[in-house]
Amino acid sequence: MEETERTRIFMERINAGEKIEANDWMPAEYRNLLIKQIHMHGISEIMGAYPEKEWVPKAPSIRRKLALNAKVQDEIGHGQMLLRLAEDLSRPYGRGREELMDDVLDGRVKFHNVFHMEAPTWADAGVIGFLVDGGAIITQAMLLDSSYAPYARMLKRIVAEESFHMQHGEAVVLALAEGSQAQRDMLQGAINRWWEPMMFFFGPVQMGKGAQRMMEYKIRTKTNEELRQKFINRYVPRITSLGMTIPDSELRQDPDTKEWHYSQPDWERYNAMVRLNSGPMSQARIAMRRQAHEEQRWVREAMNKASERQVSEHQPAI
Amino acid sequence: MANLGESETRALIQLIKPIADDEWIVGHRGSEWLALTPDLEEDLAFSSISQDELGHAQFYYELLHSLGLPSADELVYLRPASGWTNAQVLETPNQDWAHTVALRYLYEILDDIRHEALLGSWYQPLTDGVRKIRMEEKYHLQHFATGFELLATGTELSRQRLIEGIADIWPRLGDLFAWGGSEEFLEKLGLPNLAQAQLRHSWTTRMEKTFHDLELPWPGPMPGVNVNGRNGEHSQNLSKLLDVMTEVRQIDVNSPW
């Protein structure tokens, strides 16, 4: 069958709401968009471990320490599952885990703007769960209906866990909101730091070509602006009910359309941060990944060698 | 516990506190490896293990609280370094992966011997918990025994680094087997197998077999107890660890977090 005919049938399946499986034929463009999306998603989960990981040794109670430890572990678990999907899709290109991880160190894969930011207080550790995981639930919920079935299935589990993370973040945030003046100030400071990056998080109103093609392939199903509006709508009452303020004097809701008007985040600054890894913590976090991945390649090599040897020793003699 | 006499209570505290502190410090140091281990799969396994260790410590701290000590959170967050009774070697800052695997394997063997002996206690709240803990510890030991073996038999480099790690740890193992003060309390608790000499003997027997099987050089005579963490004697490493650990809590000790 010719390529164009195959693509036409593929698009018919997509438009009929059918789901694509890993071994189904797919156009190279579809595969590449999936790899780009899932690779970035997986790496973002892994890079997202670092801002919170710093707070595990400092968590202020046994309960919080265990919960945060478990949360960071979940994020790494998401990263691992997503990378396995990306590895499957990348097989025709001969690229596996080592290469997909090398891409982070070489700046060939981006990760979410929020994970380039500083998390200087314990309140940031809570606000990340509260706002970032809350935002991630909104973007991931639209992917639950993705045309790529393995991604949709995996997201089901991920979203379920993210909602625990959001609740964990909310519990930390609530304790601070009900605490001393110092705790409340710490919380307000963190909200002030994270609000603008969260406005950027959902992407520009005018979506890029790749994002538009992902809509056409039904890899994703909602626009950036729809997601952002949903987030604002959900979080304005949550934040104000904590007695905290939102650091945006322009923020208001149109009483008729219910649309939120908000200040534009510094698009240029955050875009550059993601593209060039030039955020306040980009390089420090990439350095931690380098420490784990590149500087411990010798461990993985030793493990592989030893396992190979064990397998060959257990081979029956011919 | 209404039926516990004062001296039994004291003996139980003397027994449980060092074990609790060992588990906590090991879990804390383990959690520092989060997102930094050699691969994602190891990260998942190791962070489960760290959470288990912290959870075991929490069980022991709650037991200590039931015996009249402050709450678990207070024991962890409000105790000065001199009040901690963990073995000194466990407070060592993390070094390379081979060092961590070596330390954890050496520790897990002791932990296994200690927990097995604890099952002989007449104090049921303790044995009930230990029975559950042993189900998890079995996997911890398996995990680090495998890691230890793979590094020893992997490449020249991994074997070399493992040997260097062991050489660094070995001379500082002394108080790992020790208790604070005299060992009379073990008589009272009917746990003679936990005497330092017994622990050392059982541990050395098992270790000699591993070293022999893996053809690793025996690192030298077992060190004696030069400084005893069980009596609250610690290096700067513990003070630094506690400074980091309590940094947030110290902002407001009494406020809920």
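This is a walk through a predicted model of two chains, from their overall form down to a few single residues.

Because the model is predicted, local features need pLDDT of at least 70 and side-chain atom pairs count only at pLDDT 80 or more, while totals for chains, interfaces and linings use all residues. Residues are numbered from 1 along each chain as its sequence is written, and chains are lettered from A and ligands numbered from 1 in the order in which they are written.

Let us begin with chain A. Its secondary structure comes to 13 helices and 2 strands; here helices (H or I, at least four residues) and strands (E, at least two) are DSSP runs, numbered from the N terminus. The C-alpha atoms of chain A fill a box of roughly 75 × 50 × 30 Å along the principal axes. A compact globule of 318 residues would have a radius of gyration near 20 Å, and the 21 Å of chain A agrees with that. This radius is taken over C-alpha atoms, and the globule rule is 2.2 Å times the number of residues to the power 0.38. Of the 318 residues in chain A, 41% count as buried. A residue is buried if 20 or more other C-beta atoms lie within 10 Å of its own, exposed if 12 or fewer, and partly exposed in between, with C-beta atoms placed from the backbone.

Chain B has 9 helices and 0 strands. With 257 residues, a compact globule would have a radius of gyration near 18 Å, and chain B, at 18 Å, agrees. Its C-alpha atoms fill a box of roughly 60 × 45 × 35 Å, taken along the principal axes, and buried residues make up 44% of chain B. Among contacts in chain B between residues at least 6 apart in sequence, 78% join residues at least 24 apart. Two residues are in contact if their C-beta atoms, placed from the backbone, lie within 7 Å.

Now look at where the chains meet. The contact takes 39 residues from chain A and 41 residues from chain B. On the side of chain A, the elements that give two or more residues are α3 (49-53), α4 (62-90), α8 (181-201), α12 (282-293) and α13 (297-313). Helix α4(A) gives the most, with 12 residues. The residues on this side of chain A divide into 20 nonpolar, 11 polar and 8 charged; Ala, Val, Leu, Ile, Met, Phe, Trp, Tyr, Cys and Pro count as nonpolar, Asp, Glu, Lys and Arg as charged, and the others, Gly among them, as polar.

The buried residues of α13(A) are Val299(A), Ala302(A), Met303(A) and Ala306(A). Seen down the axis of α13(A), they fall within an arc of 100°, so they line one face of the helix; the arc is that of the directions from the helix axis to the C-beta atoms. These buried residues pack against α4 (97-118), α5 (124-153) and α6 (156-169) of chain B. The face turned away carries the exposed residues Glu308(A), Val311(A) and Ser312(A).

For contrast, turn to α1(A), which is hardly covered: the count of buried residues among its 13 residues is 0. Gly17(A), with a positive phi near 80°, follows this helix.

Next comes the interior. A nonpolar core is a set of buried Ala, Val, Leu, Ile, Met, Phe, Trp, Tyr and Cys residues joined through C-beta atoms within 7 Å. In the largest core, of 81 residues, Leu34(A), Ile38(A), Ala86(A), Val127(A) and Ala35(B) touch the most other members. Helix α6 (residues 122-143) of chain A gives the most to this core, with 11 residues. Apart from it lies another core, of 60 residues, among them Leu15(B) and Trp97(B).

Finally, two lysines deserve a look. Lys218(A), in the loop between α9 (209-216) and α10 (224-241) of chain A, has a positive phi of about 55° although it is not a glycine. Lys258(A) sits in the loop between β1 (252-253) and β2 (260-261) of chain A, with a positive phi near 70°. Lys218(A) counts as partly exposed, with 17 C-beta neighbours inside 10 Å, whereas Lys258(A), with 9, counts as exposed.
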